[in-house]
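Dear colleague,

Please find below the structure that I am handing over to you. My findings follow directly after it.

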Amino acid sequence: MARKRLTNGQKLQIVRDCEQRLANNESLRSIARSYGLQGKQIRNWRGKQLLLANTKSTKKSTSRGAKGRLQEYEWVSESWEAIAEVTIRNAWRKTGFSYFPEEE
């Protein structure tokens, strides 16, 4: 059975219903079964209830999407700057290219 992709609004509605049913001494397992979910999913959503309430209800995730790659670019830039000029020259010489005109 495929996992259900619910929106944040649907998750929040399930959590609120779960709270009411738990107050009436119904087990989390039976509540999860009635929705076709795992108990750990509902427990996870109950822990993130405030986050779900503050996120757009039509989204299916609480995260903002792909993280920016600025840190990766900074790392590459810092690594490149850390390479000594002699090392770069030797690498170009090894390939047989004459990149440095002053050496011709």
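In this predicted model, K11, I14, V15, C18, E19 and L22 of helix α1 meet I42, W45 and R46 of helix α3, where contact means heavy atoms within 4.5 Å. Helices (H or I, at least four residues) and strands (E, at least two) are DSSP runs, numbered from the N terminus. The residues of this contact divide into 6 nonpolar, no polar and 3 charged; Ala, Val, Leu, Ile, Met, Phe, Trp, Tyr, Cys and Pro count as nonpolar, Asp, Glu, Lys and Arg as charged, and the others, Gly among them, as polar. Helix α1 covers residues 8-23 and helix α3 residues 39-47, and the two pack at an angle of about 100° with their axes 10 Å apart. That angle makes α1 roughly perpendicular to α3. Axes are lines fitted to C-alpha atoms, for helices over the stretch in contact, and angles run from 0 to 180 degrees between N-to-C directions. Angles under 35 degrees count as roughly parallel, over 145 as roughly antiparallel, 65 to 115 as roughly perpendicular and the rest as oblique.

Residues are numbered from 1 along each chain as its sequence is written, and side-chain values use heavy atoms, with hydrogens and water left out. Because the model is predicted, local features need pLDDT of at least 70 and side-chain atom pairs count only at pLDDT 80 or more, whereas totals for chains, interfaces and linings use all residues.

The crossing of α1 past α2 is right-handed; a crossing is left-handed if the near helix is turned anticlockwise from the far one by less than a right angle, and right-handed if clockwise. On the α1 side the contact involves I14, D17, C18, R21 and L22, which meet L28, S30, I31, S34 and Y35 of α2. By class, this contact has 6 nonpolar, 2 polar and 2 charged residues.

Helices α2 and α3 also pack against each other, at an angle of about 100° and with their axes 8 Å apart. That makes α2 roughly perpendicular to α3. Here L28, I31 and A32 of α2 make the contact with G39, I42 and R43 of α3, giving 4 nonpolar, 1 polar and 1 charged residues. Not counting residues up to four places away in sequence, L28 touches C18, L22, G39, I42 and R43.

Which residues make up the largest nonpolar core? The core consists of L6, L12, I14, V15, C18, L28, I31, A32, L37, I42, W45 and L52, 12 residues in all. A nonpolar core is a set of buried Ala, Val, Leu, Ile, Met, Phe, Trp, Tyr and Cys residues joined through side-chain atoms within 4.5 Å. Buried means under 20% relative accessible area, exposed over 50%, and partly exposed in between (1.4 Å probe, protein chains only). At least two residues of this core come from each of α1, α2 and α3, and α1 gives the most, with 4 residues.

Three further residues deserve a note. N25 lies in the loop between α1 and α2 and is exposed, with a relative accessible area of 73%. Phi of N25 is near 65°, a positive value in a residue other than glycine. K48 is found in the loop between α3 and α4 and is partly exposed, at a relative accessible area of 37%. The C-alpha atoms of K48 and V15 are separated by 9.8 Å, although the two residues are 33 residues apart along the chain. Q49 belongs to helix α4 (residues 49-53) and counts as partly exposed at 27% relative accessibility. Between the C-alpha atoms of Q49 and V15, 34 residues apart along the chain, the separation is 7.5 Å. Leaving aside neighbours within four places in sequence, Q49 is in contact with L12, V15, R16 and E19.

As to the protein as a whole, the secondary structure comes to 6 helices and 0 strands. Of its 104 residues, 21% count as buried. Among contacts with a separation of 6 or more, 53% are between residues 24 or more positions apart.
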